[in-house]
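Subject: Structure for your review

Dear colleague,

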Amino acid sequence: MEVDFSSPAAVKEALTELALNMRWSWNHAADDLWSQLDPDLWELTRNPCAMLQTVSAERLKKVAASKKFREALAELDRRREGREQTQSWFERTYSRSPLKTVAYFSMEYMLNDALPIYSGGLGNVAGDQLKAASDLGVPVVGIGLLYQVGYFRQRIDADGRQQALYPFNNPGQLPIRPVRKSNGEWLRIRLQLPGFQMFLRTWQAEVGRAKLYLLDTNDPANLPEYRGIASELYGGGPDLRIQQELVLGIGGWRLLRELKIRPEICHLNEGHAAFATLERARDYMEARKVPFATALTATRAGNLFTTHTAVAAGFDLFAPNLVETHFRSYVQDVLRICMKDFLALGRKNPDDPNEPFNMALLAIRGSGAVNGVSILHGKVSRHLFQDIFPRWPEDDVPIGSVTNGVHVPIWDSKGADDLWTEVCGRQRWNCELPKIGENLSRIPDARLWQMRSASRRSLIEFLRKRLARQAAGQGALADELKQLETLFDPDVLTLGFARRFATYKRPNLLLKDKERLLSILNNKDRPVQLVIAGKAHPQDGAGQEMIRQWIQFIRHTEARSKVMFLSDYDMRLTEHLVYGVDVWLNTPRRPWEACGTSGMKVLVNGGLNLSVLDGWWAEAYQPEVGWALGDGQEHSDNQAQDDADAEQLYQVLEQQVIPEFYGRGEDGMPTAWIRRVRASMAQLTPVFSATRCVQEYTTKYYVPLATNYLRRSKSGSNVATDLLHWRQQLADAWPKVHFLSFDVETTGEEHRFRVQVYLGDLSPDAVLVQLYAEPADGGEPVRIPMVLEASSQDSTSPHYTASAPALRPSGDFTPRLIPYHPEATIPLEAESILWYR
């Protein structure tokens, strides 16, 4: 249906609807329209809502009178209708799925600088996955917090020291709107805090097809100290943090209930949101009239916990007295359980009254599945959490992995987008991905190199402008600003490093040998230029000192013309960096990088990675697609590891990266470099995309967990009740269970095993007996089911048998007894295990 855009009012209404759906952040079809309203303001802010707040009535009337403007607006409206009518990947693939809604909880979302409610990697993942879910039609609803100032903005002073600034987020200039009831009243959620009731205002952001709901504590009816709970992202101490997480988890689930949204899946993006598992169980308790234990058993089947933490120190820990202060009434009066049982959900040892309350443990014990964010991080996480599954081998710890990916349409440059569109079409990231990269073989070398050269040139133009604005803010004189207009050379190899400045990320690894770095940068025939950006947390003195060291190096050495540090690292700066840098550097100390997505963003643009074999690069690296640092192992001597990695970094740059970039053929092009660019783009871009990531979450977790949850919650919660009964039987009988005998007979090429087990009051149906052997030659552990002998079915001491190829000594195999229930996830829901020896 055609919309009449003949009046300024109609044009403004249509522009407002465009501005309030953040699809514009990755679909740039409307950019020209925004620019026509005020080109200077658009260039500075890229914020359509801010544009509409400032545009004059006269200017709006003028653009509305333009036939070309109205036609472009009408075309955008037709495209929107077309998208709504097009069947999505999810609809095609899972038309009969029980999955109707996924509630995605996260402390931060990086969607665009127009909605600055993010810090870094966690928000990047949440934002990109929400956008990809929109593209794919996966029914995801986001839940987060609306921060009054968000994460800090960065300024570098005259001494090279970081200053933290906190500009106010004016909701009137953000792409959000209040959530209102049918009668027009602003929807406010009530929470009971110690001694006082708090109100949470609710907001909605549209992200393509997806919706993001945000909770805001700055309600005039709240006490002053409560109004500031959602003031700052990752600020304050434990009191503020537990209050923020209470608002996110409990307030977030109550918001869903008020909106009559009943998700099958609750996806916890990190442990910050773990309180949502409690409120979901409480909701179930009230609706089904069942106790908390039954409700948690039923609802956990539909909860997914994604951990992003690679070290135990990264988990949120709260002192027991702090938890009791905030939750005593909720636990005793609402959940109707004792405080000890509640605290046990977040402890390794429930009998230790001094042990802090761990939000990651609460998330694990309230979820039906747990995953890390790369293959290596899955392994690291299994090690981190092994002690809450005592006597289970690390490989059996129930933590899987889904490697993160980036939302490619956000991070591709116009030149890269045009190139991919030529060979793959416009909808390439909204469907199945396996063969997309193969089409790049049709692109001539000259076309690839032209795209890369243009992207580098565009980046340097942007960097000069941004640095000049930064320098002007620091009081630079006119002559100094004039010199910045020629800083950097668009034909020189350009390296990029932009990360949070933290010691484990080792952003100063290149400064180990300053003279050697200077010789690399200032080589007369093969020069190199380096652009750096990043923030250190305001409380991280070591990270801030590393920033100061880079600033001093740039100011007081011959690096001034070859190294640039850009302050206030934000999403827009990231976009331009990943568009144009030739090589992305990443130097974390393995295995502290859970995944890392910054290097993924350069893939679509033909940038290459030079990175430590950690996180995603540990599974992505092949010699033909980039360069690797380290030996793929962990080391206990950090200083020795840093020295070795720095030396290798210099060598790789000097002996491989730089010669390949400058190794030109008769046609003036670096053939080997272009070959590597093509391989990286083709092989890695689809695999490390948020499209693949969200598809994997949907197939591996969302749909199966939805099925499990619905099965547990139907028929009066009979399945959940039966599971609780089974667990109680295990707890009562397990101390008496033991092995009676174990016999082995080897004949020819086969081992034959026979065991007898005393089960006491347990039925054979309640357990499994397995033969287990440790991994050999880097393979998987061996787990062979042992079969109950028919003559033993009614015995309290049954016999079990199994056979195995005699490829390994019989002594490698050990019988073990584990719990079994057809509806249970083992050992996540029953961690008992008994070994023969």
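Helix H28 makes the greatest contribution to the lining of the second largest pocket, with five residues. Helices here are DSSP runs of H or I with at least four residues, strands are runs of E with at least two, and both are numbered from the N terminus. Please note that this is a predicted model, in which local features need pLDDT of at least 70 and side-chain atom pairs count only at pLDDT 80 or more, while totals for chains, interfaces and linings use all residues. Residues are numbered from 1 along each chain as its sequence is written, and side-chain values use heavy atoms, with hydrogens and water left out.

The volume of the second largest pocket is about 1000 Å³. On a 1 Å grid over the protein atoms alone, a pocket is an open set of points with protein on both sides within 12 Å along at least five of seven lines, a cavity is a set where a 1.4 Å probe fits but cannot get out, and lining residues have an atom within 4 Å of a point. Grid points are joined across faces, edges and corners, and a volume is the space filled by probe spheres set on the points. Of the 31 residues that line this pocket, Ala344, Leu345, Arg365, Arg727 and Glu831 lie nearest its centre. At least two lining residues come from each of helix H12 (292–299), helix H14 (339–344), helix H15 (359–365) and helix H28 (718–733). By class, the lining comprises 17 nonpolar, three polar and eleven charged residues (Ala, Val, Leu, Ile, Met, Phe, Trp, Tyr, Cys and Pro count as nonpolar, Asp, Glu, Lys and Arg as charged, and the others, Gly among them, as polar).

The largest cavity contains about 80 Å³, and its lining includes Phe497, Arg506, Trp550 and Leu649. Nine nonpolar residues, one polar and one charged make up that lining.

The second largest cavity contains about 60 Å³. Among its lining residues are Tyr104, Gln129, Val694 and Tyr702. Helix H8 (121–136) and helix H27 (690–713) are the elements that give two or more residues to this lining, and H8 has the largest share, with four. The lining has eight nonpolar residues, one polar and no charged ones.

Helix H27 also contains Thr698. Thr698 counts as buried because its relative accessibility is 0% (buried means under 20% relative accessible area, exposed over 50% and partly exposed in between, with a 1.4 Å probe and protein chains only). Beyond its neighbours within four places in sequence, Thr698 is in contact (heavy atoms within 4.5 Å) with Trp89, Phe90, Tyr94, Val138, Val703 and Pro704.

Leu603 sits in the loop between strand S18 (583–586) and strand S19 (608–612). With 0% relative accessibility, Leu603 too counts as buried. Leaving out residues up to four places away in sequence, Leu603 touches Asn609, Trp616, Ser680, Met681, Leu684, Thr685 and Phe688.

Met681 also takes part in the contact of H19 with H26, where Asp445, Leu448, Trp449 and Met451 in H19 meet Thr671, Trp673, Ile674, Arg678 and Met681 in H26. By class, this contact has six nonpolar, one polar and two charged residues.

Yours sincerely
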